[in-house]
Amino acid sequence: MKYIYICALVFSFALFFQNCEGSSSSNASLALLAGSKALGSSSKPTGISFHAVVGDSEAVCGQEISGHGESHSSSTVHALHVAGVMPIGLKDLRFYVSEFELVDENDNIIVLNIPDNGTWQYSGVTLLDFENATGSCTGTSDMNKIVQTALENKQYKTIRFTLGVPESLNHIDYSTSPSPLNISGMAWGWTMGYRFFVGEFYSNDSLSPGNSAVLHLGSSGCTEPSPGTYSCANSNRARIELSPIEGFNPITQEIQFDLKKAFVGWDISTSGGGSKSCHSMGAMDSNCSVVYPNFGLDYSSGNSGSTAQSVFSIVSK
Amino acid sequence: MKEILLITILLFSVIGCGSIGIGKEQGKDLQAGLLLLGQESSEGTPYIWDLPNGFPRPKIPENNPMTLEKVNLGRHLFYETELSENKSQACASCHQQDKAFTDGLAVSSGSTGQSHPRNAQHLSNAVYNLRLTWANPLLKNLEDQARVPMFGDNPIELGMKDKEDLLLSRLENDPIYPSLFHAAFPKDPNPFSILNITKALASFQRSLISGNSAYDRFQSGDISALSASAIRGKNLFFGERGECFHCHGGFNFTDTILHTGTVFEEVTFHNNGLDSSNFTSPNGGLYEFTFSEADRGKFRAPSLRNVELTAPYMHDGSLPDLLSVINHYANGGSGDGTLNPNKDPFVRSFSLSESEKLDLVEFLKSLTDENFVTNPAFASPF
């Protein structure tokens with residue numbers, strides 16, 4: 001028993017330093033590994049990996065993304081959503097994820113601890129960033145595709161997480177907040193909150209050049225009934241739950257986000273209506289109701305779970 | 001059991017880090033917090049208000065006391081085109097002094113040419129505004145508001161979203177700014193920050209006091225300051241026929257005021273009877289925040305200080321001149337706005353002769369403050 005406590009102490013020190021100095025410290029990682037080994041588990045410092053695609057293509061900046069859908073010459077072209085039928089150029093793809101839970105084979109719910117790391121993770125919120133400011137991408141050169149957390153190498157029945165920033169953090173002052181809650185591209189100064197999801201791309205199609213798709217998810221209908229206390233009519237936080245039949249092992253598998261599936265229902269070809277945008281602003285944003293269900297969200301209420309989300313899935317690493 | 005232990009340990013390690021405050025970002029934050037707590041007059045030269053008669057003392061956020069140095073830095077930044085990504089616009093592009101800090105356009109145009117849905121606000125006595133924009137109940141101080149034009153992308157105004165580093169490096173490398181920033185934030189080892197930019201901009205805007213119009217001189221006892229026509233207009237404005245003062249009352253000619261004597265903050269937005277076509281996306285007004293149909297088309301009653309210089313009028317710039325505004329209210333609204341269920345009860349038709357309308361216009365013109373629009377302290381330093 002005493003041995004376990006010593007190990008726990010060593011382990012927690014390792015994590016402590018990892019949190020405070022950032023995970024890049026190799027000493028901290030080694031200490032963490034040693035701690036894990038001493039504990040006798042097979043866990044290692046790792047995390048929940050994410051991967052972004054557009055159909056069959058990688059969602060990357062700096063190049064034309066094509067070959068991910070039906071040919072442009074198809075007679076049914078306008079019946080299809082835009083990301084599937086035309087070459088696109090990514091402009092932005094970033095989103096906050098939080099409130100991670102794993103469900104093991106015995107239906108135990110494991111709430112994942114997401115340590116602060118000074119850059120991508122703060123207070124349980126992680127920014128995933130798939131753009132690097134090259135080509136048509138705006139944003140910053142840095143990218144992040146992992147939620148760093150200690151994990152066991154085992155199969156889980158289910159993984160759940162929230163696409164968004166919890167309400168308790170959604171209205172903090174972003175100009176003085178720790179990273180990643182201090183990024184102007186993710187802040188929504190107008191509502192004193194954050195954009196939970198930012199997905200934007202241009203059409204590179206010769207018949208509809210420059211047309212764009214802009215999707216920003218964030219809580220809306222926000223007021224401040226008493227000073228410092230905010231209330232948002234529509235939370236617009238998608239609760240994502242993935243339970244693949246074969247289970248989910250975070251060491252060998254990752255979560256895939258498909259931009260093509262996120263934009264199902266929008267056609268930004270010139271004949272399909274041209275540029276479209278959704279800024280989560282209620283009835284004034286008529287385009288939103290088409291794409292919200294792709295995230296499992298009901299646009300009129302902002303509630304999650306009314307439809308099955310289709311944008312996230314589990315794939316092998 | 002192992003899981004519980006693991007979670008406990010993880011929690012312990014995070015709490016340990018946070019409570020000591022040596023996390024990478026937390027450390028910085030703690031430092032900033034201490035600096036804020038430590039702010040006092042030694043932060044710079046205290047700004048001395050020279051308030052017109054009848055003006056209450058402005059309420060200034062405790063974490064951003066007014067200093068001459070901050071006002072001076074803010075004035076430079078306000079006129080600085082480096083604040084826009086393509087260097088084409090400054091705050092002053094849409095807020096021009098000779099127009100009481102509006103731009104003379106129906107709706108403003110951002111640095112990339114994108115139209116704003118709203119008419120630019122004038123900045124006369126902005127320090128007294130309880131809320132700042134046309135309809136946003138959440139923007140309460142100028143520091144927060146400054147981030148919207150800088151970083152907003154719907155619409156794009158200055159276009160600096162994700163360009164914080166670019167903005168800061170531009171200013172750091174400009175020969176004039178290091179000394180201005182260090183003077184404005186002497187306790188900050190590295191004063192170049194977005195927060196300090198917004199603090200300086202807010203300080204300059206708070207200094208924009210307008211209270212030397214003909215009307216003010218009249219109120220101070222110079223009865224020759226107003227023409228007979230303007231005095232007739234004044235009586236209509238404050239009388240029960242016009243009832244303009246309900247929404248445009250007090251020393252600042254608006255109904256939402258903040259100063260050191262403010263105990264109860266009354267925040268009001270009104271539907272002033274414009275045609276419903278003026279409330280279509282993205283001009284829903286307060287509705288954009290409450291999602292309540294009853295709030296559709298409700299906007300803040302702006303101060304009428306310098307109103308002669310701030311045409312065209314209304315949130316969308318749809319009324320070209322003061323006579324059109326008076327006709328709008330005398331008619332009890334415009335188009336289907338006269339029957340709008342959200343319409344403020346004080347917007348109801350009343351009869352005015354044509355000469356009375358001109359009297360009212362004369363009175364409104366008496367709110368023009370020539371000193372305000374020519375004061376070199378508010379002008380571009382460049």
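Is Cys94(B) buried or exposed, and what is its relative accessible area? In this predicted model, Cys94(B) has a relative accessible area of 12%. Because buried means under 20% relative accessible area, Cys94(B) counts as buried.

Chain B contains 14 helices and zero strands, so that the order of its elements from the N terminus is α-α-α-α-α-α-α-α-α-α-α-α-α-α. Of its 382 residues, 57% count as buried. The accessible surface of chain B amounts to about 15900 Å², and 56% of that surface belongs to carbon and sulfur atoms. Among the contacts of chain B that link residues at least 6 apart in sequence, 66% join residues at least 24 apart.

Within this chain, helix 4 spans residues 91–94. The UniProt annotation "binding site", taken from an unreviewed entry, covers both cysteines together with His95(B).

Cys91(B) is buried, with a relative accessible area of 16%. Beyond its neighbours within four places in sequence, Cys91(B) is in contact with Phe78(B), Leu83(B) and Leu201(B). For Cys94(B), once residues up to four places away in sequence are set aside, the residues touched are Phe101(B), Thr102(B), Asp103(B), Ser108(B), Ser109(B) and Ala120(B).

How values were computed. Residues numbered from 1 in each chain as written. Chains lettered and ligands numbered in written order. Predicted model: local features only at pLDDT ≥ 70, side-chain atom pairs only at ≥ 80, totals over all residues. Heavy atoms only, no water. UniProt positions renumbered as here; feature names shortened; annotations may be inferred. Helix = DSSP H or I, 4+ residues; strand = E, 2+ residues; numbered from the N terminus. Buried < 20%, exposed > 50% of the residue type's maximum accessible area, 1.4 Å probe, protein only. Contact = heavy atoms within 4.5 Å. Areas by Shrake-Rupley, 256 points an atom, 1.4 Å probe, with all protein chains shown as cover.
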